[in-house]
Amino acid sequence: MTCSSVFIYSDQFKNYKFNDDHPFNQLRVTLTKQLLEDSGKLSCRDIISPRKATEEELLLIHDHSYIEAVKRASKGLLSEEQALQFGLGTEDTPIFPGMHDASSLLVGGTLTAVDQVISDRVIHSMNLGGGLHHGFPQKASGFCIYNDGAIAIKYIREKHNLKVLYVDTDAHHGDGVQWAFYDDPNVCTLSIHETGRYLYPGTGNVNERGLKEGYGYSFNVPIDAFTEDESFLEVYITAFKEVAEYFQPDIIITQNGADAHFLDPLTHLSTTMKVYEVIPEIAHEMAHRYCNGRWIALGGGGYDIWRVVPRAWGQIWNVMHHSQSMSGLLPIKWLKKWQSQAPVHLPSTWNDKQNSYKTIPRKVEITEKNQLTLGKALQFTRNKKLFN
Ligand SMILES: [Zn+2]
Ligand SMILES: [Zn+2]
């Protein structure tokens, strides 16, 4: 069975590039697209080009002064001092020529994905160029300039008045999106991430539950460093299902950062490709159960762009469009094309081989700790059920 879905893509996504040494590299979107094409899973009929977000759309979340600053920075017209006030020109988020246009295209890609689903042309869509969840109204942060996910949610709220569930499985806390809707009871955010004790951005504590009318609509499950597949999935499946049942969304947006994998160089979680098969499966199931299928998947982090991201993101499309993840060998054509450019040996299968990393002895302790955190995070949905 296939579900009507679109894949948003442009070669120009690669213009969002800080510098050659920066870990954020949009070549991963091209690698994913070609992996799917070479596997016979994606055809040109499935692909739609992104539009560019308008200034009015950027203003849904961002301040005018910040957008102006990004535009000036794009042309090299912003002083270092001015730039730093807006979080620009840092080691994480350096200035690059054309950054306004490149960032606007990523946002436009996410809005194109939204338009496709809202207009009922398709039921699922994905924009792997987006998912820049650390962008703030007047500040760039953590590789993110404009927050496409937050803009898309505001756009859905204002234009279509639907209840939005945002689920973020990036290894870093989805802070920008959470704070943008912290007091809004019609937007529910769920973020599962490595604890902020040692990892950027440091927030995403289990007690960040929302504000005013939005209280009870922000969920955070900070999991321990070195969490492995079983525990990650226990947390993810339980949290997603309970939160969806509690919130009853009209539409689901997932942020699919692929940096919780054991090979990722920026984080300390220990999951394998198994997790990246199940993540879209649950999202797909929940979208059909509560939202008539309406589901938009975004990209996000993911810094092993050769061995991890193409397979992880490829599985989202496989599940979304074909209702089934892939297994077995990767296409030779793809391996041949990219091995010569890759600085590492590319994996030959969709799945990770068993025992591909060294397990650590604290597994039981970590699992129990994550279960406790999960219980605290879901207290609110469970209490409400009790009292209603
Ligand atoms: Zn479907
Ligand atoms: Zn991340």
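# Cavities, pockets and helix packing in a predicted model

Phe226, Glu228, Glu230, Ser231, Lys363, Ile366 and Thr367 line the largest cavity. Helix H8 contributes to the lining of the largest cavity, to that of the largest pocket and to a contact with helix H9.

**Cavities**

- The volume of the largest cavity is about 50 Å³.
- In the structure there are 3 cavities of 30 Å³ or more.
- At least two lining residues of the largest cavity come from H8, and at least two from H12.
- H12 is the main contributor to the lining of the largest cavity, supplying 3 residues.
- Sorted by class, the lining of the largest cavity comprises 3 charged, 2 polar and 2 nonpolar residues.

**Largest pocket**

- H9 provides the largest share of the lining of the largest pocket, namely 3 residues.
- Charged residues number 8 in the lining of the largest pocket, alongside 6 polar and 2 nonpolar ones.

**Second largest pocket**

- The second largest pocket has about 270 Å³ as its volume.
- It is lined by 16 residues, of which Thr195, Arg197, Asn205, Pro222 and Thr373 are the closest to its centre.
- Strand E6 (218-223) and helix H12 (363-387) are the elements that each give two or more residues to the lining of the second largest pocket.
- With 5 residues, H12 has the largest share of the lining of the second largest pocket.
- The lining of the second largest pocket holds 8 polar, 4 nonpolar and 4 charged residues.

**Packing of H8 and H9**

- The axes of H8 and H9 cross at roughly 10° and come within 11 Å of each other.
- Angles under 35 degrees count as roughly parallel, so H8 and H9 are roughly parallel to each other.
- On the H8 side, the contact is made by Asp229, Phe232, Leu233, Tyr236, Ile237, Phe240, Lys241, Ala244 and Glu245.
- On the H9 side, the contact residues are Lys274, Val275, Val278, Ile279, Ile282, Ala283, Glu285, Met286 and Tyr290.
- The residues of the contact of H8 with H9 are 13 nonpolar and 5 charged, with no polar ones.

**Aromatic pairs**

- The whole structure contains 20 aromatic pairs.
- One of them joins Phe219 and Tyr246 in an edge-to-face arrangement, with 5.6 Å centre to centre and 90° between the planes.
- Because Phe219 belongs to strand E6 and Tyr246 to helix H8, this pair ties together parts that are 27 residues apart in sequence.

**Backbone details**

- Tyr200 and Pro201 are joined by a cis peptide bond, with omega about 0°.
- Pro201 sits in the loop between strand E5 (187-194) and E6.
- Phe143 is not a glycine, yet its phi is positive, at about 75°.
- Phe143 is placed in the loop between strand E3 (124-127) and helix H6 (148-160).

Conventions
Residues are numbered from 1 along each chain as its sequence is written. Chains are lettered from A and ligands numbered from 1 in the order in which they are written. This is a predicted model: local features need pLDDT of at least 70, side-chain atom pairs count only at pLDDT 80 or more; totals for chains, interfaces and linings use all residues. Side-chain values use heavy atoms; hydrogens and water are left out. Helices (H or I, at least four residues) and strands (E, at least two) are DSSP runs, numbered from the N terminus. Ala, Val, Leu, Ile, Met, Phe, Trp, Tyr, Cys and Pro count as nonpolar, Asp, Glu, Lys and Arg as charged, and the others, Gly among them, as polar. On a 1 Å grid over the protein atoms alone, a cavity is a set of points where a 1.4 Å probe fits but cannot get out, and a pocket is an open set with protein on both sides within 12 Å along at least five of seven lines; lining residues have an atom within 4 Å of a point. Grid points are joined across faces, edges and corners, and a volume is the space filled by probe spheres set on the points. Axes are lines fitted to C-alpha atoms, for helices over the stretch in contact, and angles run from 0 to 180 degrees between N-to-C directions. Angles under 35 degrees count as roughly parallel, over 145 as roughly antiparallel, 65 to 115 as roughly perpendicular and the rest as oblique. Contact means heavy atoms within 4.5 Å. Rings of Phe, Tyr and Trp (its six-membered ring) pair if their centres lie within 6.5 Å; planes under 30 degrees apart count as stacked, over 60 as edge-to-face and the rest as tilted.
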